[in-house]
Amino acid sequence: MSRSVHLKAQENQIEFMICLAILAAVFVISAAVLIFVIYEIAKGVVHCLAYLFKKFLKKRPDSSHDESSQQDGQGSPVCSICNIQSCTEDHESTFLFDRGQYEKHCNVEHINLAQKEGKGRPLTIFKEIKQFKKLKTVEITGVKLDDSCLSNLFQCTSIHSLKLSNCQLVSVPGSLANLKDLETLDLSHNYLVALPASSIRSMPCLKTLNISHNHIPVIGQVVKKFRSVQNFDMSYNLVEEIPCELLEMEKLKSLSCSHNKITRWLEPSNSTKQTSASSLNFLDLSNNKLKEFPQSVNKLKSLTVLNLSNNEIGANTNHKILRQQLAELFYLPLMSKLQLGNNNIKTLPSLDTTKISPNMELIDLSNNEIYDVPSAFLLFPKLQSLLLGDNNITNLPMDLDLKNLSPSLSVIDLSNNELVNLPLAICFLPSLEKLDMKQNKMRKISENIKRCSTLCFLDVSANRLKEIPSHVLGLPKLVEIRASNNQISSVNSLQKEEPSLVEIMILADNALANFPEVLIRMPNLRDVDLSNNEIKLIPQSIRHMHEDVRLNLQDNPIVDPPLEVCQAGVQAIGAFYEDLTTASSITQCLKTLFLGTYEAGKTSLIRALQLNRSNLTRPEERTHGIEIAEINLEVPNTPDITLSVWDFAGQETYYITHQFFLSSKALMLLIVNLDSYNAASFYSKCGYWLENMIAKVGNPVVIPVVTHIDKLSKKEVDRACKDLNKKLEDQERKRVKDLQRQLERIDETLLESEVVMRERKKRIEALLQNRPSIHPRPVPVSSSESLEGIQYLTQVILNYAVNKEFFPEVGRTVPKVWADTEACVEKKGEELSFPYMSWSDFASYLTTNVPNLQPESRTKTVAQYLHDTGKILWYSEIETLRKHVFLKPASLVDIFRKVIRYDIKKSVDYESNPCFREAEITRADFDTMKNDLVRNGILDTKLLRCLWSDVVKECRSGTFEDIFRVLIELMRQFDLCYDLHQESHSIHEDKKQHPISKLLLPWYIKDDLGDKAERQWGKGVDPIISLQYQFPSFIPPGLFARLTVRAHGPKHHLHFALHWSSGTLCKHKTKSTLVLLKNEGVGRLVVSLSARPESKNVHRDRAIEDLWNTLQELSLEVEELLKQWPGVRFDRFAVCPKCHKPAFPGEWLHRTCRGSEEREICYFCSERVPLKCLVPPALVLDRYTLTGTADLPRTDRQRLSDRQLLQVAKTLGAEWEELAILMDFTQADVYKFKSDNLGNTQGQIFTMLRTWRDREGSKPTRGNLQRIFKEAGLHCDTIA
């Protein structure tokens, strides 16, 4: 029994021990879990703190200021890694800068460090890097490295992939040979002058070698030792010869030698036995100086892609030999893509169809001098694209077996040839989808085109067509027709059995006098461009056209409906006619502008006309800005006509605001004080104002009026009127003669610069066609007691007002609901102390007070009409302004003239305005603020609030702050100012937390810092690219100042180092680029845009690309501004970088340096100037919309809709974040997009795209989005 008890005790003891062990294990595990949790929480907290600290560092203004810190306080934070302001990069591998961090990171497999070239911190790679035993991939970009760094790095023998791009390498140490396992070596974008051959041949595993964008002149025989290399890129170097040994690289598959100076491919000697690189399938020799086909190429039997474009092949070569060499290329058995564009080939070989490559898919022979095309070129069994544009082809072969034509040929380009008819062979191609026949000599489209049953795209622009026949519109698969720049006067109706699938119809620049009603019966249309025709009336049947059709009717002499309605689109036109059927009203109002110098007698004259008695203006009553009044004129047998009279102040300070209210639909009275007039003062008192009217409107209707005749005798009045009239006639005659002379010179030199000359010719012809209508003799009047001439002037005004030729809108019938809306808005504007409403209140008010104004879309249509006609101000396309409506636009003049006035120094007085003291502004602060404004154009918003104190009193309680921000946004919108001391904020951040403290108004800047700017500009390096806009006699007032405001916009990334009265010196925030904008020349009639690298630490080719990217964006701003002055005369010039004179025509909007021609001779200094300093590289120009390109599809110019953006969002994936950065969003913005659409990637992308569209106003078009996608390396054909 004792034994059993003992055993039982032992069992209990064992169980107890087991329990203790289990409890201990549980405790240990729990403790471990707890410790792990605490560790993870602590790590998360540390990471959050580090992230916040990093953000804090990025947002903290940099303590260093350049010379402009007081003028332009853009204290954007500078990244400590790349020295870039507002950097949004998440720099990887930054531990390389800290020697103490090496041991901690010694197990990494990848190193990735990228900086903006020439901007970042110097890097030292320490010898401890050899501890990185697992390192596989190294990518270092934009960081300057020396031999010591490289020698240390090359101790990491485990590296498989090495990229050292933009590292300013001049040579590579021999220790590179240590990397025996290296498979990929990228040394592109450096300054290498020799190939590191001895190291490379010691790498048995190397497969990809990239030495592009260097300065290497010779590729030696040693390349035959590169036996393992499969992909070899040596493009963008200085190589002149290809060694024959290159073909001994037995594994070579891809070879790129483009953009060198290659003149020949050396052949092996007869005694040399050569092994051909039989595996080579891709060869790019484009953009070189080859004059004949390399014989070695014919030995490459595996070749599938050959690019020999942009050479000089055919120049000084025997045509028979050339044809034989060319035939051998077509006989290569695996050849699929053969590119021979932009050479000097004149004749093509007659190919043996039994020998031609059965795999040929693309043949590019564009931009040569070819006259005839042999029949075999239409017989390749797999050919898909045949590009023959820009040649001298008169026809295609007729002796063809039409049943055996290329069955898969879908794209043919025959543009810019000499074709007079549609070639018959084309019509029998069974798979033809795209046919480009623009810029030929066709007078009609043959009925044979009916056979093109698969055709989807047809371009017949710039021919001599008179009509679009119905058999074209009825093609069963045709989607897009481009037929601009013809002589088309009609579009034939479809037959009942001919349904149309056409979606896009481009008929701009033709002779259409009537709206083609056939378009209304085409159910699939969504884009129609009828701009620049002769259409006067839009039929009411347009209501049957789908309302989503984008219709462009710009530059037509449209009478009905109002042009403003037509510009708003099909929906608005339909609404106009629909409302017109219910009830109508007649408009009897004419906008009448009184213009002239100060003290010309404008205000006194208006009072005399208005009151029919004398009421002369006292000095203290003189106009500041613009005054608006109404005058009623009695018209026999019709309702009275109301003149909406706009009295423009004559001081120069106000010219900048005048431009926003000069209208083509206004009668203009040019007022001249005859008492102070003499022959010498003609231009300042009269000629300048007439030029301004012509520049702004193009074809103004002008009545010259001379005042103060009571102070002169009748003889003196007659003599002065005759002199004034003669000078007006002489000025206009001289203007016309100058234009005609320019036109003659263009006709003489058309072949020298065809594209730019054609654009200039079209612009000058438009100026000659749209001439001003000037009353034949000045009307003399006196506003004194006699009122002499007032009745006669009234009758003259009335005669113009009722003349439908000049003002068809007077007496026009409009829908009653539209007229009621206008009256309702006008009444509400008078009732409000401050004529402003939010959009929601405005829409609600109209819905309540205007019967039949439903639904909301109709409200928006009528509101847009009122905005376009100047009755309200509502920017529906600008996110920051679309929620705000100003009921009396002229009231803004009252507001802005508190800031922009000629007597600002006198009118802003501390003692007379208690607001300054109420705002707690001391006298000393006031004096500083006032001096900053008067001398430097710097406006403190504290001072601005006081200047706008009347607005504060008139606003409803609690609304002023919102209105204050909107008013500042309107000043920006009018290019009146830009922000100073702005920081880089997310677009989603509440701007109330970051109020703007100071604004800069360029018109007030008095200091001339030109000499100082020139000294700083001179510290830059070559090359200099400089563009000029020259104005022969008149430059639009405020043009340059407005350009500087736009240049300050965030998309240009410019920091204004200096800004003075006639120029700005800027530094690019992300590129090593200096930009100089100047208003120079005699009379300040020249606007120049110049850029140069800031330092030598940038690769020359990359620097030139950066310069052009910057200047193209700025030149487009000038082009956009000049569109607001359709009648202004100007010319574009490129400046010679040698003699700094405008020696070359400005072709940067139309031409690129794609070809082999590298230099042009300067007219002034006879120096040979690099072409890339005169016109941009192709890849730069491709990012921008070409001004004046009539063939640009309407879809590329239309603002993108939500549906289109949603369609794009569906096609994107994780790459959308990279796209967001290219769209100038910050990482904080990306995080906001994500957090607002958690788990919904498509929603995140859509929100990002819509925010971009709303932010950019009118710029987010299909074409612009495609350019951004191209820059990001993405595909976006899905944008409908």
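This report walks through the fold, salt bridges, surface patches and backbone details of a predicted model.

## About the model

Because this is a predicted model, local features need pLDDT of at least 70 and side-chain atom pairs count only at pLDDT 80 or more, while totals for chains, interfaces and linings use all residues. Residues are numbered from 1 along each chain as its sequence is written, and side-chain values use heavy atoms, leaving out hydrogens and water.

## The chain as a whole

Let's start with the overall picture. The chain has 33 helices and 46 strands; these are DSSP runs numbered from the N terminus, with helices being H or I of at least four residues and strands E of at least two. Of its 1280 residues, 53% are buried. Here buried means under 20% relative accessible area, exposed means over 50%, and partly exposed lies in between (1.4 Å probe, protein chains only).

The chain exposes about 57,400 Å², and carbon and sulfur atoms supply 50% of that area. Accessible areas come from the Shrake-Rupley method with a 1.4 Å probe, and for residues only the protein chains shown count as cover. Among contacts with a separation of 6 or more, 61% are between residues 24 or more positions apart, where a contact means heavy atoms within 4.5 Å.

## Two pairs that are apart in sequence

Aspartate 647 belongs to strand E27 (residues 641-648) and is buried, since its relative accessibility is 4%. Its C-alpha lies 6.9 Å from that of leucine 595, although 52 residues separate aspartate 647 and leucine 595 in sequence.

Arginine 482 sits in strand E19 (residues 480-482). With 15% relative accessibility, arginine 482 also counts as buried.

## Salt bridges

The structure contains 39 salt bridges, each being a side-chain nitrogen of Lys or Arg within 4 Å of a carboxyl oxygen of Asp or Glu. In one of them, lysine 441 meets glutamate 418 at 2.7 Å, N to O. Lysine 441 is in the loop between strand E16 (434-436) and strand E17 (457-459), and glutamate 418 is in the loop between strand E15 (411-413) and helix H5 (424-427), so the pair links parts that are 23 residues apart in sequence. Both ends are partly exposed: lysine 441 has 33% relative accessibility, and glutamate 418 has 30%.

Another salt bridge pairs aspartate 975 with arginine 1046 at 3.1 Å, N to O. Aspartate 975 is in the loop between helix H24 (960-973) and strand E36 (978-980), while arginine 1046 is in helix H26 (residues 1039-1047), so this bridge ties together parts that are 71 residues apart in sequence. Aspartate 975 is buried at 4% relative accessibility, and arginine 1046 is buried at 18%. Salt bridges with shared partners join Asp975, Arg1042, Arg1046, Lys1051 and Glu1117 into one network.

## Surface patches

Patches are built from residues with over 30% relative accessible area and no salt bridge; like charges are joined within 9 Å, and nonpolar side chains (Val, Leu, Ile, Met, Phe, Trp, Tyr) within 5 Å. Lys and Arg count as positive and Asp and Glu as negative, with His and the chain ends not counted. Each charge is placed at NZ of Lys, CZ of Arg, CG of Asp or CD of Glu.

A patch of positive charge on the surface brings together Lys261, Arg1100, Lys1138, Arg1159 and Arg1168. Arginine 1100 lies in helix H27 (residues 1100-1122) and is partly exposed, at 38% relative accessible area. A nonpolar surface patch is formed by Met17, Leu20 and Leu23, which together have about 310 Å² of accessible area. Leucine 20 is part of helix H1 (residues 2-59) and is partly exposed at 40%.

## Backbone details

Most residues other than glycine have a negative phi, and most peptide bonds are trans. The bond from aspartate 560 to proline 561 is cis, with omega near -10°, and proline 561 lies in the loop between strand E23 (550-552) and helix H7 (563-567). Aspartate 1022 and proline 1023 are also joined by a cis peptide bond, with omega about 5°.

Histidine 259 has a positive phi, near 55°, and is in the loop between strand E8 (254-256) and strand E9 (264-265). Arginine 1084 has a positive phi of about 50° and is partly exposed, at 39% relative accessible area.
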